[in-house]
Amino acid sequence: LTMTSTKQYNLLSVKMLDNIALVTLTRPAKRNAINLDLVAELNQCFQSFSEEVKAIILNGEGEHFCAGLDLSEVREHTVPQSVMHSRMWHEAFNHIQFGQAPVIAVMHGAVVGGGLELASATHIRVAESTAFYALPEGKRGVFVGGGGSVRISRLMGVNRMTDLMLTGRVLNADEGQQIGISTYLTEPGKGLEKAMELAKGIASNAEMTNYAVMHMLPRIADQNIQDGLATESLMAAVAQTDPATRRLLAEFLDQKKNKVQRS
């Protein structure tokens with residue numbers, strides 16, 4: 001892959017590798033804890049990608065992916081301030097989940113609290129064996145505010161999330177893989193390589209199919225069965241008549257025909 005451009009925020013860096021964007025949290029001294037400035041930069045960053053971007057990789061500089069909310073910012077908040085703070089996280093993470101292109105998280109070290117909320121807003125999660133997961137909010141007198149009650153509960157189930165929040169339990173990388181937090185597990189230092197391999201494949205998909213998987217699949221899952229089936233039919237029709245999809249189908253059918261003829 002060829003690096004085509006770089007963009008430096010204060011707490012993020014963005015490198016373009018052909019049509020793949022590599023977004024890195026650059027707050028290693030704070031274990032990439034999320035403060036309001038970082039939320040604002042994530043919001044701006046994920047809204048700014050052009051149509052040329054076909055896949056995005058999100059990772060963290062240093063020894064940890066993200067240690068969660070920077071609690072020093074919120075301990076004096078009033079109720080209205082806390083609500084607005086939470087809604088800022090929601091806006092930023094919505095732009096990750098429902099943005100320009102599929103996002104792959106590379107998780108290592110701490111993936112804790114708000115860090116797990118951030119990871120749950122991505123579409124595919126690659127974990128290195130150093131990764132560990134926790135939701136310590138219950139032990140600190142707070143509640144998830146970055147979309148975790150919606151996204152993490154769907155990822156691992158309400159019962160498991162309840163356990164993590166009530167007990168402060170920490171899951172290791174293998175446990176996280178078993179319950180579906182991650183979908184790929186690698187050796188230390190190999191996560192980015194795996195994510196890049198996945199991103200190349202995703203970037204070659206038909207754009208409308210990627211859009212359908214990102215934007216429509218989670219919404220269909222929230223619909224009742226009959227509404228979901230109706231939405232699926234409409235999305236299938238749109239995807240199948242897209243010119244890029246027709247080209248991919250033609251290539252596949254030609255390859256299949258050639259294989260049959262050779263045999």
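How many residues does the hairpin use to join strand 1 to strand 2? The hairpin between strand 1 and strand 2 passes through three residues.

## About the model

Welcome to a predicted model, in which local features need pLDDT of at least 70 and side-chain atom pairs count only at pLDDT 80 or more, while totals for chains, interfaces and linings use all residues. Residues are numbered from 1 along each chain as its sequence is written, and side-chain values use heavy atoms, with hydrogens and water left out.

## Overall picture

The secondary structure of the protein comes to ten helices and ten strands; helices (H or I, at least four residues) and strands (E, at least two) are DSSP runs, numbered from the N terminus. The protein has a radius of gyration of 20 Å, close to the 18 Å that the globule rule gives for 263 residues, so it is as compact as a globular protein of that length. That radius is taken over C-alpha atoms, and the globule rule is 2.2 Å times the number of residues to the power 0.38.

Along the principal axes, the C-alpha trace spans about 70 × 45 × 35 Å. Of the 263 residues, 45% are buried, where buried means under 20% relative accessible area, exposed over 50%, and partly exposed in between (1.4 Å probe, protein chains only).

Strand 1 (residues 3-8) and strand 2 run antiparallel, joined by five bridges; two strands pair if DSSP finds at least two bridges between them. Here Q8 stands opposite S13 in strand 2. Strand 2 (residues 12-17) is mostly covered, with five of its six residues buried.

On to the next pairing: strand 2 also runs antiparallel to strand 3 (residues 20-25), with six bridges between them. M16 stands opposite A21 in strand 3. These two strands form a hairpin with two residues between them.

## Two positive phi angles

Most residues other than glycine have a negative phi, and most peptide bonds are trans. D18, in the loop between strand 2 and strand 3, has a positive phi near 55°. D18 is partly exposed, with a relative accessible area of 35%.

N32 also has a positive phi, near 55°, and lies in the loop between strand 3 and helix 1 (36-47). Is N32 buried or exposed? N32 is buried, at a relative accessible area of 0%.

Strand 6 and strand 8 (residues 132-134) run parallel and are joined by three bridges. F132 in strand 8 is the bridge partner of A110.

## Cysteines

How many disulfides does a search of the whole structure find? The search finds zero disulfides, a disulfide being a pair of cysteine sulfur atoms within 2.5 Å. The sulfur of C45 is 15 Å from the closest cysteine sulfur, in C66, which is too far for a bond. Both residues are covered: C45 is buried at a relative accessible area of 1%, and C66 is buried at 0%.

## A nonpolar surface patch

L249, F252 and L253 form a nonpolar patch on the surface, with about 300 Å² of accessible area together. Patches are made of residues with over 30% relative accessible area and no salt bridge, with like charges joined within 9 Å and nonpolar side chains (Val, Leu, Ile, Met, Phe, Trp, Tyr) within 5 Å. A salt bridge is a side-chain nitrogen of Lys or Arg within 4 Å of a carboxyl oxygen of Asp or Glu. Accessible areas come from the Shrake-Rupley method with a 1.4 Å probe, and for residues only the protein chains shown count as cover.

F252 lies in helix 10 (residues 243-262) and is partly exposed, with a relative accessible area of 47%.
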